[in-house]
Structure formats: structure tokens, C-alpha cells
Amino acid sequence: MSGHHSFGHGGFVTSRRDFLQRCGMGLGALAVPSLGGQSISPLAPRRPQTAGKAKAVIHLFMNGGPSQVDTFDPKPELTKYHNKKIPLELKTERPTGVALGSPFKFQKHGESGIEISELFPNIAKSADELCVIRSMHADVPNHEPSLLLMNCGDSRLSRPSVGSWVTYGLGTENQNLPGFVTMCPGGYPVSRTQNWQSGFLPAAYQGTYVDTKTTDPRKLIDHVTPTHLSRKRQRDQLDFLRQLNEEHAKERNYDSDLEARLESFELAYRMQLEATDAFDVSLEPKYIRELYGDNLQGRQMLITRRLVERGVRFVQVWHGAGQPWDNHDDLEKNHRRLARECDQAIGALLIDLKQRGMLDETLVLWGGEFGRTPVVEMPKEGTNAGKINGRDHNHYGFTTWMAGGGVKGGHVHGATDDFGFQAVKDKVHVHDLHATMLHQLGFDHEKLTYRYSGRDFRLTDVHGDVVHDLLA
Amino acid sequence: MILHRPGLPKNELWIVKNFRSGSSIQSPFFIPAFPAIAAPLSHSKDPLRSDRKPPVRQFVSIFLSLTVCLGFGFENSPKPGKVSPPENHWAFKMPVADERSIDELVDAKLAEANLTAVPTASREVLIRRTFHVITGLLPTPEEKAKWLTDTRPDWLAHLADDLLDRPTFGERWGRHWLDVARYADTRGAALPDNEDFPHAFTYRDWVIRSLNESLPYDQFLHRQIAADLMKLPREELAALGFLTVGRAYQGGQNHLVIADRIDVATRSTMGLTVACARCHDHKTDPIPTADYYALFGVFNSSLVPKKLPVIAEPSQEPGAVAYRAELEKKAMAVHNHVKECDPGYQTPDDILDFNLPGGTKINQTQRGKFRQLVGAVTRLQATSPFAIPRAMVLREKPQPFNPRIHERGNPGAQGEPVPRAFLSILREKDEHFTQGSGRLEFAHRLTDDRNPLTPRVWANRVWMHLTGSPLVSSPGDFGPQTEQPLQLKLLDHLALFLKNNGWSTKELIKHIITSETFQRSSRSTAELQEKDPANFYYARANRQRKDLEAWRDSALQVSGRLVHKMGGKPFKLDQAPYEGRRTVYAKTRRGFLPSIMRAFDFPGSEEALMKRTTTTTPTQALYLMNSPFLHGEARAIARRNPSIRTIYQTVLQRDPTDSEAEAAKAWLARARSSRTSGAWDYGYLQKGSLEFKPLPRFENGQWRGEQELPDQTLGWLSWTSQGGHPETDKHAALKWTAIESGKINLSGNFIAASDKGNGLIARIMRPNGEILGEWTLQPTEGVPTSLENIEVKAGDELWFIADSRDNAAFASFHWAPKISDNKGVISDAQSDFAGPGLPPLAQLAQALLLSNEFFYID
């Protein structure tokens, strides 16, 4: 399969009139030369408003909320206060108690000397690529609204996800694959499909969910494998269908929809091979598979690279079904286990992207929906196992990092207070993060809009500022 | 929402706005600052001309349109009370009567634009089109023949009458309305334990029945908003589902539930986006926040009661009795569980009441189980055909709610009190609701003579469903942002026709269908293509693609599997064996649509959907090519039709042309009938026998015995694309049949997959017992199974045998041989791997079902 590029724009069509009336993504997008025809492809690659540095996004979602003070935001002061009350009280989801110093050692890494805990030795190898934001904050300490805020820019209402907005704005480079893929092994995260919904945007922009627990690449996308006909027989059938459709179209001039639908069968036929290929990590050389690790996380990170390499615009990778990083109890044991599961694979992804020259144009985002409290969670009937060794949700301050896609490598932005509870310096709200991501993709977040039910909507609603300090 | 974009002077915005709306410029902010820009564009509301503008001007025009779309300005939008609302907006003025007919109005516009309409479509096309738009189905061959030979000059009016009288009309048009009503069978959000709305279907059935019984549109709306406040038979209460089938919100946020009800009750009926005003004065429409909270008072004065009213007598069938026993058992399981958690708990008199009294001692884990048990009760109610149907009603609270404005939409920030009332733009200053919540007054206010919006909005929708495009391009937004439609006079004509004919939707449909405009051919001309490619002027008909419901229902119809059972519990669309009921009865899981619904633009039901998008994607093609559902329909068609000709007649309702018949014949000769679809077959040899026996069952990409592995008789015997598994007394056998004579080479790797057991023997042989190659392997060993220059004649078989060496434990193997000749690969067991083949005639039937001819309505 040659195709990292689109086969024209014929395969995805909505009425031109409809599309033009709604889209407000700016002149760049509207100046697509192929607009001459009757129809416009919602997924055809489009130029953004300005030249963006990033062409693709990988969002590594540590769902449940990893603890910042145990990973990328070292707090010696917190360790000093271990088992003592800290002079700061903030209300989170559940009752909390004294300070819980991090049980993990931090060390400086790379030339930049970014401090990273022992949980992530492999990610640390790429420390000089990371742009660590220690001053993230969100709105509430609950999973569902925070997931929706991080993914869709609104914590309550049914709004399109970031991946939907990005594919709406940029289309996708490979018409034989979905433009927006979301992978979660073993089931859905909390809030389920809302996390990758297209909301009021056309359905073409919603994430295609793939359960990466499935190892057979042919079962990862619905109906992608013909089992009733051999490929050759199916080709014969499609040749007959093409003939029939061409004959039908001949008497019906000027209807590009007919042509587009005819073409969509050809695309589907090619997709059957390409999609299976893209998800088949066994086609990778052994040393690459070993770099990522022969396990679930290794497989899904390697699939991620194969998808981005083939031109998929937005790939979201969840750690697991439910909310694995939500360690209200046994934080040390669980964070160790979770980090062990994904560290090698994420580390490998960063190195692999870099050595292939893909990192410059791929914006990688790592993080959860919020962070965790520096203080210990107190037991409450029915809410935890009665142990006093975990952390509660924390939306006041948490850490995410980005890499590639034109962000500053080896950079730390912002800070939380001495205990790592709330962001205090150069605060970055989730809306600001979204604005910055869109900026890197070439969009003014205030201008990437869609007209729906009488209003122009955008990802950041009425909020958001680009954080220029994050940009290289 | 995109509001705070300072930068452009507001007067520029207002120029743009007014040129878009086509109305005279009234804004106090207006200063004619950019006449140079405004002047050359002043005619551009005419879509014809704007399409023909030279590139530079078009660029400017796009830019200006975008400034509006992008929401520049509005920082200082007019404050209500200070500035008079834009009464001059076309949609807020009453419709104006015009004596001219539909055709005269359309033709007048055509003449203005100097366009020539295309001729009337053939009667054949008209029959098919009329069946489609009214019922969503195809005519049967008999019906087609009957209407083709009808000699009455007004045959089409008779056809329309005939179709409007059929129950299939309500099924088609009911679904149109259900989009608008954001109908779903579940609550959605993240409530998997208890997500079903077990009685949502009673609302769906009410919609279908009311349309079929010609309930006038005004009463159709009144009942959906206030049936509980009207004197009606109890089954009419189901209408209230319109307000109550909305999605649930995390933590039961009541103000969002009310916002959803206000949205559906205003946008779906009047095309006003009132819900925008929840957090602030509407930025573009004359809807102040006070209006929103006036309605908030109305809708927050009602509650969904804990116990929904029964609207039909319980059945006495044995199944119903068993159902009630099961329900009681499951309900008691809930109460028993709570009693275990808290011995002080008293089972309520109504055992279906699961509202725990305050202070019940139950911890989080126990509460999880409690929710599960309640979920089991709900699921039983949701799925059993014997569950007693109930209406999803609202009831008035004892005291109506006196609303206050929530500052910035925040229920914690209570502002000024406002009286319950209709929208200020459409009422007198002091006109407030006085009867209880005012919900019934609101319902009547939608359709009284002072409301110019409701009849226009419905007329626009009816026109859209019949012609394929609306007159007002945003069917859910008739606010000042929406420019005056080119065909306003036609819209007014239709709106007044509706009102003057007792709000009869059926009369309106018939009125439109019998117009020349509806009957035009869908074939465009070079002239139209150049001047009006988007068909704003209706010089021709729009070719329409069947939506999910129409293609699935008509596929069932031609396969003979369509079941005309109306109403009742929803069925699962993606579950085999596939039900033959119409798609409108399929279960809609809000937020969890099955891939077929997702692929074919079915609404997600999160919010009211005013107009479906139509996409064409390879995902749709994949579904049509590879889904077992389509294969089933294709097989069913082939079973009933023995020839190419009859299959054409059944699916496309015409004879094949000579060249089509020939092409099909040539293709199907190649697609010869075999048990599997390709050159390979999957089976076994009994040890010591030379008889190839096929494996009987194909499931999940694997050929095997009748049961899940291990099968009672065939044990672990199986083949996949990668290899398989032999049994102790049976060898796994892969059969390849040559299509042509010649010399071939065989390649592939045989790998004994396990590190245990006693290994395997791989063998390549002919059916007469001649062994061409044999390899013995120890566990984990692999070997290339290459043979060269094997002579075969067309029809010869080669067998690839895996022998377990008398011990089938740990005997799984990888083996996917390839066969090539000097020109390249002929067959590849891995990529050719296939399930049960579609018989050739079924392949033809499938191709016809996939064709544009089947999918489009001319």
C-alpha cells in the first residue's frame, strides 16, 4: 500500500452547501482548491489558518489522575511535613489528612536536568524533549466533569472532543484510515464514548474506538475483514458494482455524490488491507518490538506510531478501562505497578518518534484529567478500603507534559506551592492547554468555530490563552 | 458562545449582518462606514449571483460571512430594554397571504433568475419518489404496475392519499419527529447500571400513532407539552415523553435537565435557540436571560413522578403472569439486600419503589450492588414484551416555582425574580402565565394566532422531508442570525395552508406532492449546474440518498423479510439473528450507537437534531460489503429468486439490460458456487481415511465443529487464517482446488506452536494418497514447506494435512501455504482465508443492494 496520502477527496462527502454554511475554520480551510466540485470531503487534508508546527497529536491519557508529587513535581517541603498537618487546606472530593511525602526518589535527567521520579526511568531518557507543565489546573475534583473538560473543553455539556475539532480543522492525511483513533484496552474509560464524541460536529469527526486488548489486527475495526468472499472474488464483485454505478451515473450528469459513493467502495476495499496492516505490530522488526516491550502497553504505543506514520491525525491512548490511576489507597504499590506497565512503552515511543524524525511534527501530550492531593486521603465508610496510604483527586494543581510538535524541550513551566497542592505560578488552565495545542496545529483557537443551533461554538468556549512560554 | 472578540468596529459587523439578512438596516449602531465594501456586495443575498462573482469579490464575501460566523464583536450587544427588539426580522412578522400557488411562487423566482425548470419526471420515478417520501419504502411490483396504468389525471393525488392512509406513513414521519425530539431508549451519560428508559417506546409509539391518526399539528404539540393538563384518554399521557426522554446528567443536575426541556420545547417548535440565554442575554437573538428564566419557572414547576402511570391494562397471558412473578422476585432481591445492609429497613408497600429513606445505612460497596439489583429490575421492565406500558409523564408540583435569574447560569447565584411567561418578543409586556405552572398556556401560545414561527418552522420541515432541502437552511434557527429565505413567500404560503387546513400535516404533504415543483425530474442541466448547482430555486428535484432507515427497511422489503409489526419494545439492530422489523423500532442507546447507526449518520440523541448530515464514508462501504446483516439479506433474495433476471426485478424493480445480464453472467460463472468463497476449503481427514470432510461451522474467523471449542465430536479441530489444530484421531486438512492447469510452486512455513506435546507431522498430498512432501516436527520447531514444479490440472485438489502424531494435546500449528506459478502468487491461504461463501446469485443480490440505483431516489 503506497498511500500516506489521500486518494482525492471523493470518499467523504457532505453537501457543500451544508458544509460551507456551518464551517468557520477560516480562510485557509476554505481556500482548499478542490472546492470547485459539488461536494467537499469532511476528512480531506486541509491547510490550517497558519503554518502549524505539529501535524499530528498523540494524547497519552493516564486516566484516573496520576499524582504530580510522585512523578514530575518533586516537593522536598512535603517530605519534611510527612505525617504532619500542612498549613493549607483545600476541599477535594473526600476528606483528607496529614501530608504524605512521596515514597519515590527524584533525580535530574538530561542536559536540562529536569527532575523526574524513579517511576519513569525510560521516559526520563527523553527528558530533554519534555515540556513539563507543573501548574495545570481544572475546575472540579470529580472524574466525569474533569474528563469531559480535558477531552471536550466543557465539563457538563455535550461538546465535541479535541480530536474531533482537530480532524474537523485539518482533515486527515490518510483516507484509508480513520482520522481520529482512540485506543483503550479492555473496555471504556469513565464517561465512555463521550470522551471522543463529535458532539454537534458531523459524525465523520468522532473518534474510532479500538480495544487494544484484542491482539488480532483484523478484528480491531468493525467489518474491516471480509470473511464471505476471498479478496479476489470481492474484487470481481466490486468491479461489477462499479460498472453498474458508472452506467447509472452516466444518465445522471453533474452529481458528484454518485461518483463519491462509487469511490467509497474502492477506498473501503483498500482500507481492508491498510487498516489491518497499520494495526499489525508483528510486521515490525524484532528490535523495535523489544524496544516497546512485548506487552499490552508496548503494543498500543507501537500501533500509535504506526498510525501516526500513516497519516492518522489524532491518536488518543488510554492507560486502561475505568480509571486505573485513581489510587485512593495503596498509592505507592499501585503507582509503581502502573508506571511499570507504561514507562517502557512511552519511553520507546518518544525515542522512536525522535529517531524517525517524526517528533518535530507530532505533538505528544501526557497526563490525566487532574492530579492528586499531597495530603493523605482519610478513610470514609464505603469509599476506600480503610487504608490511609492514598491520595484524593486534586484539580487545584497537577502536571502534564508535552513533547515534540514545536514545544520547548527540556523545559519546566509554572509551579505549584511548596506542597504541590495548587498551581501558583504561571498557571495553565485546561482551556489554555487546548488553545496552545490548537496554536501548534496552526489554528487560532478563537477562529476554529462551528455554527450550530444558532451559535458559533469553539473548543475553548469563551476561555483560553495560548501559553507562549511553552513554545520553542 | 464565541462572543468576546474585540477588534472589529461593530458597525462593520452590522453592515455584514444586515446584508446577510437582507433586511433594512435598523441598528442604532449602524454607521455606513464601508460603503465601498457594502455596495458591490449588496446584491449578494441572491445565491445565484454570489456564485458567479469574480474570485476577488467572492473572497471578500466569504471573508465577510466568516466574520459573522466567527463572532467578531458583540462585546457591546444591545441591552434588552434599551433597544427595541428587531421586529423587522422576517421570521417575527406574521406570514403574509399570497393568492399564488406553490408552482406560481417557485416559477416567479425562476423567472427572476432567468432559469428554466426541467421537465416532469417519468411516472415510474414519481411512484418510487412518492413511496419513499411518504412511507420510506419501495412500491411492490404489483403496486408499481397498478399506478403505472392508472388513467386518472389526478392519479398522484390518489397515490398520495393511499400512502398517507397507511401505517407506514407514521413510521417514516414519526422517525423524522423523533430526531427533533432527541428520542432515545436510554438515559445516556455514564449511567450503565441503570441506563434504560423502559417506557420510552410508549412515546415513540404515540408519535407514530398520532401522525397516522392525523392528529392536527397544533394538538400534536399541545399534548407533547401538556397532555397531563388536558382532558384526554390516559394513553395520551405518553405524549409527554417529548419533554422527558432527554439525557440524564451526572449527579442529576436539575437545572441542566430543565435547560434540555426548554431547548426541545422551543428550538424544535419555533426554531429559537432560547437555551442560549441560560447564562446571559442571547448575543444575537432578542431573547434576554429573563425569558429563559421565565420558562425555567414553567418547566421547573413539574416533576417526573417516582411512579409512572400505567396506560394499558395488564395482560393475562401466561407469559405476562410469569413476567410479573419474575419482576416481583427481582424487586424483592433489592429490598432483601437493603435489609441485610440495614436491618431497620422496611420494605415499602409498593415493591417497585426503590427510593431509600434518608438515613438508610448502606455503604458504597453495598450501594453498588443495590444499583446493580435495581438495574436488573429496570432491564427486565425494559426488555420484556409483557411489561405494562407506562407513560413518561410530568406532573405539576403542588406549588409552581417562582424563578429567579441565575447569574451566568450558575444556580448558586440567584438574581432578580421573573414571572413565568412566554418569550418577550412574542408577547405583550404584561402578559404572564396565570394558570399553575403555565405549561398548558405555553403550549397554546406556541400555536395561537400571534405566533408566526411555529407554522413556518413545521412547514419548512415538511418541505425539507419531501424535497430534500429546506427553504430556511437552518430548520432549528429562525432567529435574526438567519437571513430571509429566498422563498419566503412560498414558506408563508405553506405555513398558512397548514393553519387554514386545520393544522393537517397530511393535507400539507399532499399539497406539496401534487405541485409541479415536487414532480420535476432530478436530472440537472448544464445551465442549472452553472447557475444554481445547489438548487436553491427548485428548478429540478433533489436526488436523495436513502437514510439508514430507508435503505435498511427497503433491503428487508426486497429480501422478503420485512415484518410489519408496529410498536412495542425496541429490538437490537446489530444482534444476530437480525430482526426484520422497521428501523424506527430499533433500540437507540444514547451515546452508544452500534456501528451501523454511527456509520450511517443516525442522530446521537444528545440534543434535538434539526437536520441530519449525510456523509459518504468508507466505513459505510465496509458495513455494506462485509456485515453479516447484508449477507443475510442477499442470501434471502437469492433463495427466493432463481435467476439474474428475477434478482434484478426484485432488488431494482426492473429487468437487466442485455449487456448487464451478460456481464452478470460472465462474472457469476467465475464466482462459481463452492462451500467456501475461494479456492480453499477447511476440513479434516479421519485417521486412515482419504475422505475430505468439511468443518461445519464458521464463527469469529474460525472454522470449527458445531459447538464452541472443544466440540463434542470434532474436539479442537479448527482452521483460521494462520493455521489450526488437529485432533488425536483426525488430521486437520486444508484443501486447495486448481482453477487452471499448469505447473505450480508451493511455499509456506509450518510451525509447531507449543513448547509442549509431542510435535506434529505436516504433509502435502493428493486425494489419491500420493504424498508430495512430508515433514516431522518437534514442539516449537518450524520448517519451510516448499515444493516446486507440481503439475496440476484444472479441478485438481491438493491437501495440506496436519497430523497430531496420535496426541492432540498442545498440537496447535501455524501454517498458511502459498501457491504460485512463474507469474506470481495464485493463492495465499492467509489473505484468501474466507468464511462460508456467498452463493453467486447472492453475490449479485448484494451488489445490487449496494448500488447507487438502489440507494438513491431520483
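Predicted model: local features only at pLDDT ≥ 70, side-chain atom pairs only at ≥ 80, totals over all residues.
## Chain A as a whole

Chain A is built with 12 helices and 21 strands. It has 472 residues, and 64% of them count as buried.

## A cis peptide bond in chain B

Now for a detail you can look up in the structure. The peptide bond that runs from Leu709(B) to Pro710(B) is cis, and its omega is near -5°. To find Pro710(B), go to the loop of chain B between strand E9 (702-704) and strand E10 (718-719).

## Two residues with positive phi

Asp601(B) is not a glycine, yet it has a positive phi of about 65°. You will find Asp601(B) in the loop that links helix H24 (595-599) and helix H25 (618-626) of chain B.

Asn789(B) sits in strand E18 of chain B, which covers residues 787-792.

## Buried or exposed?

Is Asp601(B) buried or exposed? Asp601(B) counts as buried because it has 21 C-beta neighbours inside 10 Å, and the cut-off for buried is 20 or more.

What about Asn789(B)? Asn789(B) has 8 C-beta neighbours inside 10 Å, so it counts as exposed; that label applies at 12 or fewer.

Key. Residues numbered from 1 in each chain as written. Chains lettered and ligands numbered in written order. Helix = DSSP H or I, 4+ residues; strand = E, 2+ residues; numbered from the N terminus.
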